[in-house]
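Here is a short briefing to read alongside the model. Have a look at the fold, then join me below.

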Amino acid sequence: MRQNTTSPRPNLPFQCFHTCAAPDGTAETSVLFVRGANQKRLQCTLMAFPQHEGVPVQMTYTGSRFGIHRFEAKMPLDEGSNLQFYCFKISLLSPDGETVSDAVWYSSLGMSRECPLLQHCFAFERENTHPDFVPDLICYQIFPDRFASAKGCFVIDAQRYPADEPIHANEFEYKDIDQIHCGGDIDGIIHMLPYLRALGCDGVYLTPIFKAPSVSKYDTEDYDVVDPHFGGNGALKRLRMATFGYEMRLLLNGPFNHTGDMHPWFDRQERTGKGAHHHADSPYRDFYSFKQDGEPCYWKDSPSLPKLNYSSKGVQLAIFKGKNSALRKWLQVPYGIDGWVIDAASQIGDEGTAKNNVKRLRQLCRAARKTHPGCLMLGQFSADARYVLNTDENLDGAVNYTGFLSPMRAFFGGVDLRGVPIPYTGEDLRRTLENYSVGMSQQVKLCQLNQLDNHSLPRFFKIIGGEKSLYLAALAVLYTWRGIPCIYQGDELGDVINQYEIGPRSPLPFKAMEDHHVSPYSARIQSTLTELAALRRSNTALTMGSLVFICAGGAYFGYIRLYQDRFSIVLVNASRQSVKIEQGSILFPLLAAMYLPDDAVTSDECADSGESLLIPLSGRNVRRTDHGEGLEALYELLSRENLQVSAYGQTSSSEDFSKAFISELTAGKTITMPARTTVIVNNSAKEEPHSAARSAQQDKAQPEA
């Protein structure tokens, strides 16, 4: 937001904090915390936009504690769009309380002199339309041909390659492995489900599996048939039944933007005599788009991938409208998959372009939910996906390239997605991720699929130079970030990735992985993934909570997750030396949300004029210049919490480290972030009042054994 540099007061005398998920997790009542000015001089207004026009609601002062004031207002929830926006106006009254001496607006982008743009406001959904299994979901993405085989080995060019140890890349020196089927199949995946469940994963996400000539299967030849290399339709039925037994979700990749050129609709090879490519009178001619010179429109200019034309009624019927269409067939029994990841989602549209993209994606989603109301609909976007995610009845979320994968690889690895070196600091990361989350509802943020690796990028372990401690630290970020953590197959191999030159599509030593004896470091990663999964599910702040950055610098950053009475503090240091930062008021959001409940007492406790707390107008809501004066009592309350400290990286979890870190954290002065380490601090669930007494009474009421 632009700063009004001509203002006589470019700094603000107070600090604000608000989040949809704190303190009570609901959006009906908006709560705003303000610090740094006497509450009698504050006038706070909630500006809601229930039908896109601003509706001001005067906020009620509900109490103060330790110099922090609490204001609240009921959200005007008129009929209209499910996605609602709002912001706040904070006015500083003159000492006599009669006139306004200063005023600012507060939104997701921080503070500004102007009313923020609608897309920069806080956002929430009146009704949560997303699947209820999403918050706890942890996925494992599989490239079926290279993951596991029911035969117990890979068969490549009629040669057997055992899977009880890694296969060195030199074995394929004279073979183009990208063009050869290696023998991985769906029954092999079934055999590995206990292994995946032990890692803590309760979701399996498969890259395309439909019949196609290539190894990747993005060039679909038949949407009705699972590729025979993978075991056919029967294998998918068996996998679905097996995942039910292990209480796991099953997601498939939907390559619905284009077909392969061998699909009978297109038929480049002229096998049917009525394909669109060679016959202008073909019944499938309008399934595709052709330029004036007669050349078809291809995806990424690849002749093997002709784009589908969604303005064609035939395409609509075949892909999503028909009861047994490509989208709906696999959502029904006996397959009953739990959702789709729509491939190239930003490109789906009419006439060889992305025309009507939002409309077509909405149609796909409506058709899917009509067939399976609780299914998860995600999209594959390599760039900004918010133009779709901020529309009603559309995708639940996206594969989070812009909001996680790309900036995290840049921060930890120093390269962009094309491998070009890029200097990227913690401050760059904070700015990128904060900006991307602006205007997106908390519910949608929880549906973003976060990865460090996938089948089309160089291994994350390789781009960070094989730094073992840094790798563990990055995995801890993946599991504590807002959204769905997704491990890509082989991420748990660790040091053998570099040793054996294992790429994103290399055959994996699945037997050795299952037995945890690929390497000692690989076994450590496997146990770490299991531990992180349990840690994530033990704290609702990590599954349901909002995310607020609290610090960022050259090679470090930190954030907190908040939900009701639970929180998690995550501090990440990627440098080779420890970093000491001043706490100041960086924990203000946490302290306010946790320790200013609804029954905060009304008092004149804070008579601060505000002159000692000057905050740059262009700053975010948690980056301040003060030293945290007045928060000491809240830190004392923090010290009473039952805190658990976990460390991943160069510094490992230990009782001594935990005691020292908690002591420093609750002192409220400085925080020391150990080198090459992610530190996670969780609080325990608070026992409900009288719950122990109720339990005792229930025990008494039970008959003796």
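At what angle do helix 16 and helix 17 pack? Helix 16 (residues 588-595) meets helix 17 (residues 632-639) at about 70°, and their axes are 10 Å apart. This is a predicted model, where local features need pLDDT of at least 70, side-chain atom pairs count only at pLDDT 80 or more, and totals for chains, interfaces and linings use all residues. Numbering starts from 1 along each chain as its sequence is written, and side-chain values use heavy atoms, leaving out hydrogens and water.

**The helix pair**
- Helix 16 and helix 17 are therefore roughly perpendicular to each other (angles of 65 to 115 degrees count as such).
- Leu590, Leu591 and Tyr595 of helix 16 touch Leu634, Tyr635, Leu637 and Leu638 of helix 17, contact meaning heavy atoms within 4.5 Å.

**The largest cavity**
- The largest cavity holds about 540 Å³ of space; a cavity is a set of points on a 1 Å grid over the protein atoms alone where a 1.4 Å probe fits but cannot get out.
- Its lining has 33 residues, and Ser108, Ser437, Lys445, Arg482 and Leu547 are the closest to its centre; lining residues have an atom within 4 Å of a point.
- Elements giving two or more residues to this lining include strand 9 (100-107), helix 8 (426-437) and strand 24 (546-552).

**Confidence**
- The average pLDDT (the predictor's confidence in each residue, from 0 to 100) is 90, and 90% of the residues score at least 70.
- Residues 604-625 have pLDDT below 50, with 75 contacts in the model beyond near neighbours in sequence.
- Where pLDDT is low, the predicted coordinates should not be read in detail.

Technical notes: Axes fitted to C-alpha atoms, helices over the stretch in contact; angles between N-to-C directions. Helix = DSSP H or I, 4+ residues; strand = E, 2+ residues; numbered from the N terminus. Parallel < 35°, antiparallel > 145°, perpendicular 65-115°, else oblique. 1 Å grid on protein atoms, 1.4 Å probe; cavity = no way out; pocket = protein on both sides within 12 Å on 5 of 7 lines; lining within 4 Å. Points joined across faces, edges and corners; volume = space filled by probe spheres on them.
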